[in-house]
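Colleague: Could you take me through some local features of this model, with the cut-offs behind each term?

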Amino acid sequence: MSVKALSGKDFDIFIGDKMVHVIEGSVKITSGRKAKTVRGVPTGYIDGPVSAEVTLKVDHENFLLIEAQAKEAGSWKGIEPFDVSFLAEVKAGTKNVEAFGVLPELDEVLNVKAEGGEEDTATIKGIVTSPDFIKINGIPYLTADEVRDL
């Protein structure tokens with residue numbers, strides 16, 4: 001018996017407590033880890049700085065939901081960092097990716113085709129600014145040791 005796999009259609013995306021429909025969405029983590037070497041030979045690893053970025057490509061209707069936050073803040077740059085959650089559930093399982101303290105940055109505010117046939121889209125990127133960082137299905141990406149006393 002086949003089981004339905006997760007697809008983009010299964011995800012609900014929340015910015016804070018507001019549901020937003022996205023055309024595309026992603027969360028990218030850079031771990032900063034690198035190999036430690038002696039005379040060019042790997043002998044272990046070194047933890048480096050971590051970072052994460054959220055990208056949301058939205059249509060005009062959903063762009064207006066985010067614009068409302070900018071109006072409330074008085075400017076686009078005035079929007080306070082918010083949490084973003086990507087949640088999907090199907091019979092085969094659940095996937096919940098949470099990014100905390102996402103500081104939004106307008107990346108592509110207009111994307112139109114002169115010939116028509118496609119809707120206007122906007123892309124909003126955001127860097128993760130919270131030590132809560134990223135959780136995947138409730139499991140933190142960072143170790144407790146990394147975030148101690150933060």
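Predicted model: local features only at pLDDT ≥ 70, side-chain atom pairs only at ≥ 80, totals over all residues.

Modeller: Residues are numbered from 1 along each chain as its sequence is written, and side-chain values use heavy atoms, with hydrogens and water left out.

Colleague: On which residue is the kink in α1 centred?

Modeller: Helix α1 covers residues 60-73, helices being DSSP runs of H or I with at least four residues and strands runs of E with at least two, numbered from the N terminus. The bend at a residue is the angle between axes fitted to the seven residues ending there and the seven starting there. By that definition α1 has a kink of about 25°, centred on Ile66.

Colleague: Is Thr123 buried or exposed?

Modeller: Thr123 lies in strand β9, residues 121-128. Buried means under 20% relative accessible area, exposed over 50% and partly exposed in between, with a 1.4 Å probe and protein chains only. Because its relative accessible area is 9%, Thr123 is buried.

Colleague: What separates the C-alpha atoms of Lys135 and Glu98?

Modeller: Lys135 belongs to strand β10, residues 134-136, and beyond the residues up to four places away in sequence it touches Asn96, Val97, Glu98, Phe100 and Pro140, where contact means heavy atoms within 4.5 Å. Although Lys135 and Glu98 are 37 residues apart along the chain, their C-alpha atoms are separated by 5.2 Å.

Note on methods: Expected span 1.5 Å × (residues − 1).
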